Amino acid sequence: MLRLANPNRFMQWSGKLLPWCAIATVILLGVGTYMALFVAPPDYQQGESVRIMYIHVPSAMMSTFVYAVMAVSSAVALIWRHPVADIAARESAPLGAGFTLLCLVTGSLWGKPMWGAWWVWDARLTSELVLFFLYLGYIALVNAFDEPTRGARAGAILALVGVINLPIIKFSVDWWNTLHQPESIFRLGGPTIAPSMLWPLLIMVLGFAAFFVTLLLLRMRSALMAAKLRAIRLQQIEAA
Amino acid sequence: MSPFLRLVGRDLRLALRQGGDAAMVVGFFVLTVVLFPFGVGPEPELLQRIAAGIVWVTALLAALLSLERLFQSDYEDGSLEVMALLPLPLEAQVLAKCLAHWLVTGLPLTLTAPLLGLLLHLDTAGYPALIASMAIGTPILSLLGAVGAALTLGARKGGVLLSLLVLPLYIPVLIFGVAAIEAEIGGFGARPHLLLLAAFLVLAVGMVPFAAAAALRQALE
């Protein structure tokens with residue numbers, strides 16, 4: 001990990017890795033989408049609308065996974081002053097916010113036919129919404145400083161504070177919901193999920209993860225290139 | 001007098017002599033609560049049902065108002081840089097400043113809350129829980145807010161950013177604060193909720209100084 005602190009080495013390494021990640025993404029998402037749409041059976045209660053699950057569940061999983069990636073990168077960046085980890089944390093935040101938004105939107109679209117409402121103050125929905133706000137706060141903080149390193153450092157501290165707070169928020173929202181409306185707890189799926197649905201779902205989850213890694217590498221590479229470009233321009237201006 | 005108490009005293013003196021900090025926060029608190037009956041209608045049953053929620057949500061917003069000043073003026077006039085050189089660790093200074101901040105905002109809010117409960121026809125059984133939950137909960141607001149205030153030092157549009165950062169972190173306090181009052185009114189007893197709030201407070205006292213001090217150090221670099 002510390003070997004990758006050198007941006008040049010990271011560029012070489014990620015350049016080799018990137019095509020494989022992209023291929024894995026295309027294959028996994030392609031196969032997963034085909035299986036989700038044509039192979040997996042419709043649900044006996046929910047009918048065809050259960051297919052939203054194959055987007056909704058992977059994006060929900062990614063929304064927390066990306067936060068974990070962000071927090072670990074932030075810790076690495078703070079402890080070792082690791083410049084590439086700083087970029088990893090900063091560049092994964094918009095992706096995480098995107099997955100969270102995708103999860104909220106698909107959940108809302110799924111909720112309308114199933115529960116009869118676009119939004120229900122269910123504990124899981126609510127904590128996902130709070131997570132979305134945490135991502136937005138992080139992105140706003142990182143971009144709020146004229147000096148980019150200040151933003152990165154402040155963002156890293158915020159990400160770690162958020163990681164300690166997330167379980168507390170999750171717990172208190174669960175507690176709040178069971179207190180206020182115990183009759184409206186929705187349980188998805190009922191019995192454990194059938195293998196014919198589980199396999200497409202697992203492939204989609206892996207596809208989403210590969211998609212995230214591909215995008216993250218792309219974003220980190222372009223951030224590094226942009227920094228390099230800026231440095232070259234400054235040199236040219238000084239030389240002129 | 002210990003350096004810790006001296007720092008608390010300095011912040012209190014500054015707040016009192018510059019004047020109006022506590023009065024402004026309380027004024028905002030009262031005024032905003034008074035807006036609600038205009039918004040939802042004056043029926044006592046409705047107001048009674050939502051009283052605990054209104055008082056707590058408004059208290060969160062009022063506490064948020066004054067957070068920006070926690071470190072801002074010391075940052076601008078350079079006192080913060082001198083304070084970072086003091087033998088007293090920055091972590092302890094954060095705690096002292098939070099204590100002073102609570103004394104000029106959280107404490108007046110706690111004392112005003114029962115009056116607002118009266119305006120909103122809060123059930124009589126709820127008053128002890130209201131005062132207790134505000135007394136335990138408002139210090140948490142000052143502590144969590146200190147992290148946000150330290151992180152946004154020197155940021156563009158620091159005030160709006162601060163509320164975006166801090167409000168999601170306030171949600172647990174709001175949930176347990178309101179739950180304590182409603183449980184007491186419902187006859188279940190506020191004790192478990194108050195204990196959870198107290199646990200949260202202990203956690204915040206233990207961890208916030210480190211996060212806020214780290215944020216201050218990177219702001220001073």
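**Note on helix packing and the A/B contact**

1. Helices here are DSSP runs of H or I with at least four residues, strands are E runs of at least two, and both are numbered from the N terminus.

2. This is a predicted model, in which local features need pLDDT of at least 70 and side-chain atom pairs count only at pLDDT 80 or more, while totals for chains, interfaces and linings use all residues. Residues are numbered from 1 along each chain as its sequence is written, chains are lettered from A and ligands numbered from 1 in the order in which they are written, and side-chain values use heavy atoms, with hydrogens and water left out.

3. The axes of helix α2 (residues 21-40) of chain B and α6(B) lie 9 Å apart, at an angle of about 25 degrees. α2(B) is therefore roughly parallel to α6(B) (under 35 degrees is roughly parallel, over 145 roughly antiparallel, 65 to 115 roughly perpendicular, the rest oblique). Axes are lines fitted to C-alpha atoms, for helices over the stretch in contact, with angles from 0 to 180 degrees between N-to-C directions.

4. On the α2(B) side of this packing are Ala22(B), Val25(B), Val26(B), Phe29(B), Val30(B), Val33(B) and Val34(B), and among their partners in α6(B) are Val104(B), Pro108(B), Leu109(B) and Leu116(B); contact means heavy atoms within 4.5 Å. The contact of α2(B) with α6(B) holds 13 nonpolar, 2 polar and no charged residues (nonpolar: Ala, Val, Leu, Ile, Met, Phe, Trp, Tyr, Cys and Pro; charged: Asp, Glu, Lys and Arg; polar: the others, Gly among them).

5. α2(B) also packs on helix α3 (residues 44-65) of chain B, where the axes come within 9 Å and cross at roughly 145 degrees. The crossing of α2(B) with α3(B) is right-handed. Its residues include Phe28(B), Phe29(B) and Phe36(B) of α2(B), with Ile50(B), Ile54(B) and Leu65(B) among those of α3(B). By class, the contact of α2(B) with α3(B) has 16 nonpolar, 2 polar and no charged residues.

6. Asp11(B) and Lys97(B) form a salt bridge, with the closest N and O atoms 3.0 Å apart (a side-chain nitrogen of Lys or Arg within 4 Å of a carboxyl oxygen of Asp or Glu). Asp11(B) is in helix α1 (residues 3-18) of chain B and Lys97(B) in helix α6 (residues 90-119) of chain B, so the pair ties together parts 86 residues apart in sequence. Over all chains the count is 10 salt bridges.

7. Chain A has 6 helices and 0 strands. Its C-alpha atoms fill a box of roughly 70 × 40 × 30 Å along the principal axes.

8. Between them, chain A and chain B bury about 2,500 Å², 74% of it on carbon and sulfur atoms (accessible area, 1.4 Å probe, lost by two parts on being put together, summed over both). Arg150(A), Ile157(A) and Trp175(A) supply 20% of the area that chain A buries against chain B, more than any other three residues. The contact takes 30 residues from chain A and 31 residues from chain B.

9. Between chain A and chain B the count is 1 salt bridge. Asp146(A) and Arg156(B) meet through their side chains in a salt bridge of 2.9 Å, N to O.

10. The contact of α4(A) with α8(B) has 13 nonpolar residues, 1 polar and no charged.

Definitions and conventions:
Left-handed = near helix turned anticlockwise from the far one by under 90°.
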